[in-house]
Amino acid sequence: MRMIFAGAAWVALACFGLAWPAAAAGRYDGSAPMLCAVTAINECTADGKCERSAPQVGNNLPTFLRVDVKGKSLNAADGSGRKTEIKASSMVDGQLMLQGMENGKAWSMVIGSETGRWGGAVVEDDGSFALFGACTLP
């Protein structure tokens, strides 16, 4: 009986050890910079017509974004040097809320602090983009 208990204890410790790096990676709360991928885009025109498109197909939105809440910047990770200032950020109900505006456009991004999944929008007077994706902690 002691051998079974000892074996079970080792299995439990081994599983805990495997899970530890994921838990130690931290939450997606903005305390560390994140790399976020755009996985789906819906483009809508002012007349309400919307079409789904893949990242980089018919638009100039980046596929990957670097989110640096402490540095107050959202950067395209495509080598273009494009970036925009994060004007507002806060944690609300376990989600990181980000907002900014530039060149006649307003944007917002909501990142789940436990999952890293996100949704966002870029809005201007004649249309909008709804974006979805996932973030990782580099």
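A residue counts as exposed when its relative accessible area is over 50%, and as partly exposed when the value falls between that limit and the 20% under which a residue is buried. In the predicted model considered here, Asn103 has a relative accessible area of 66% and is therefore exposed. Asn103 is located in the loop that links E7 to strand E8 (105-112). Its backbone is marked by a positive phi of about 50 degrees, although the residue is not a glycine. Most residues other than glycine have a negative phi.

A positive phi of about 50 degrees is also found at Asp93, again a residue that is not a glycine. Asp93 belongs to the loop between strand E6 (88-92) and strand E7 (95-102).

Thr136 was examined within a strand. This residue is part of strand E10, which covers residues 127-136. With a relative accessibility of 39%, Thr136 is partly exposed, because the value lies between the limits of 20% and 50%. When residues up to four places away in sequence are left out, the contacts of Thr136 are with Tyr28, Met34 and Leu35. For Met34, the separation along the chain from Thr136 is 102 residues, whereas the C-alpha atoms of the two residues are 5.7 Å apart.

Conventions:
Residues numbered from 1 in each chain as written. Predicted model: local features only at pLDDT ≥ 70, side-chain atom pairs only at ≥ 80, totals over all residues. Heavy atoms only, no water. Helix = DSSP H or I, 4+ residues; strand = E, 2+ residues; numbered from the N terminus. Buried < 20%, exposed > 50% of the residue type's maximum accessible area, 1.4 Å probe, protein only. Contact = heavy atoms within 4.5 Å.
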